[in-house]
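Please read this briefing with the sequence and the 3D structure open. The points are grouped by topic.

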Amino acid sequence: MSKKLRISLIASAVLISTSALSALPQGYPADYQKIIDAATKEGKVVIYSTTDTKAAGPLIQGFEAAYPGVKVEYNDMNSTELYNRYISEQAAGGTSGDVVWSSSMDTALKLATDYAAEYSSPELSKLPKWAVWKDKAYGTTYEPVVFIYNKRLIPQADVPDSHTALAKLIASQPDKFKKKVTTYDIEKSGLGFMLSVQDFKADPNYFKTLSEVAKGGLAVQSSTGTMMERVSSGENLIGFNILGSYAEARAKTDPSLGISYPKDYTLVLSRVSFISQESKNSNAAKLWLDYVLSEAGQNILANKADIPSIRNDIEGTNDIDGMTKMLGNALKPIPVDETLLEYLQQKKRLDYIKEWREAAQK
């Protein structure tokens, strides 16, 4: 056998092997194979995300195993950095993310209104209607927003189970909680601002409640990790508006960190994802989005990354059904729609921050 023929046969075997591994997902239309083949030619997908790389790792591994011809170039950043970087790159007309995946639902939807490609995912029927905006922006997770506390320093009898109970606890012991209550800095964190606005919409007495919670002053931060670290160490005692997914993941190995799900109302965040109109790897971007929304991808998120699934057909209880059984009517999912954009208007945003600061500094 000639050397040239051997090389040709080896190349053919590799192509056959890759094609077999990149099988058409069950239930997908036959012409989806064209997307898989085109994505394999593109060879990569560039993700801009607020989900930290460690949490996203199992999902990336699962995707690359399902589509071995497509590599994931994953860029992990905070919500403000993601927004500013993406905007500037789009304005410059250079390379940018193929897919945006952000926990800051309002700024993600703002980007989607200007830059998202329309794409009807084969997984559409498996998602709640409130989680899809114009077949452009997709909610991908179902994450309750919780309180965290130091289990060594807060007696179990004092652990608040509502926003009102949190305010009463702190107001009743202002010396103990002076500078010991943590939450997001809403000026520096897009996620923090969005959650605060959603609190305001859910609670008619929000600013009064906030002023009680802020007795003695708040210790504001721009990241969930910092807040969890400080509560765990005892530098802070309690925190609110924390993503339950991150808290649950840490609590598995941190005996000092306690979690409380508020029963008056529990906001539910869904990380918003969209494909860029100017995507250089648009087929690979479709594969990635569909995989994140698929039963396989959602199983990984729920059971390996500790991020609750937006579906109700995954293994275990870390999904919509499991959360509903635990919290029932207290759950308030934040819809992926235009209502998210209201407080992004500059004057309204600045007025809101001013009112928040006044309440938080009383």
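This is a predicted model: local features need pLDDT of at least 70, side-chain atom pairs count only at pLDDT 80 or more; totals for chains, interfaces and linings use all residues.

Residues are numbered from 1 along each chain as its sequence is written, and side-chain values use heavy atoms, with hydrogens and water left out.

**Nonpolar cores**

- The largest nonpolar core has 81 residues, and the members that touch the most others are Val-45, Phe-63, Leu-195, Leu-287 and Trp-288.
- A nonpolar core here is a set of buried Ala, Val, Leu, Ile, Met, Phe, Trp, Tyr and Cys residues joined through side-chain atoms within 4.5 Å; buried means under 20% relative accessible area, exposed over 50%, and partly exposed in between, with a 1.4 Å probe and protein chains only.
- Helix α11 (residues 282–293) supplies the largest share of this core, eight residues.
- Helices (H or I, at least four residues) and strands (E, at least two) are DSSP runs numbered from the N terminus.
- A second, separate core holds 28 residues, including Ile-154, Leu-166, Tyr-206 and Leu-210.
- Phe-63 is in contact (heavy atoms within 4.5 Å) with Val-45, Val-70, Val-72, Ala-284, Leu-287, Trp-288 and Tyr-291, leaving aside neighbours within four places in sequence.
- In soluble globular proteins, nonpolar side chains tend to be buried together.

**Helix pair α4 and α5**

- Helix α4 (residues 79–92) packs with helix α5 (residues 105–115) at an angle of about 15 degrees, and their axes are 10 Å apart.
- That angle makes α4 roughly parallel to α5; angles under 35 degrees count as roughly parallel, over 145 as roughly antiparallel, 65 to 115 as roughly perpendicular and the rest as oblique.
- Axes are lines fitted to C-alpha atoms, for helices over the stretch in contact, and angles run from 0 to 180 degrees between N-to-C directions.
- The crossing of α4 and α5 is left-handed, a term used if the near helix is turned anticlockwise from the far one by less than a right angle, with right-handed used if clockwise.
- On the α4 side, Leu-82, Tyr-83, Tyr-86, Ile-87 and Gln-90 meet Thr-107, Lys-110, Leu-111 and Tyr-115 of α5.

**Helix α12 and its partners**

- Helix α12 (residues 295–303) has Gly-297, Gln-298, Asn-299, Ile-300, Leu-301 and Ala-302 as its buried residues.
- These buried residues of α12 pack against α3 (53–66), β3 (99–102) and α11.
- Between α3 and α12 the packing angle is about 155 degrees, with the axes 9 Å apart.
- That angle makes α3 roughly antiparallel to α12.
- The crossing of α3 and α12 is right-handed.
- Pro-58, Leu-59 and Gly-62 of α3 meet Gly-297, Ile-300 and Leu-301 of α12.

- Thr-183 lies in strand β7 (residues 181–184) and is buried, with a relative accessible area of 3%.
- The side chain of Thr-183 reaches the backbone oxygen of Phe-240 at 2.9 Å.
- Apart from residues up to four places away in sequence, Thr-183 touches Leu-218, Ala-219, Val-220, Gln-221, Met-227, Phe-240, Asn-241 and Trp-356.
- Leu-109 sits in helix α5 and is buried, with a relative accessible area of 0%.
- The C-alpha atoms of Leu-109 and Thr-339 are separated by 9.9 Å, although the two residues are 230 residues apart along the chain.
- Leu-109 touches Trp-133, Ala-137, Val-336, Asp-337, Glu-338, Leu-340 and Leu-341, not counting residues up to four places away in sequence.

**Aspartates with positive phi**

- Most residues other than glycine have a negative phi.
- Asp-306, in the loop between α12 and α13 (320–327), has a positive phi near 60 degrees.
- Asp-306 counts as buried at 16% relative accessibility.
- The side chain of Asp-306 makes a polar contact with the side chain of Lys-252 (2.6 Å); a polar contact is a pair of N or O atoms within 3.5 Å, and within protein one must be able to donate a hydrogen and the other to accept it, with residues adjacent in sequence counted only if both atoms are side-chain atoms.
- Asp-135 has a positive phi of about 55 degrees, lies in the loop between β4 (132–133) and β5 (137–139), and is partly exposed at 23% relative accessible area.
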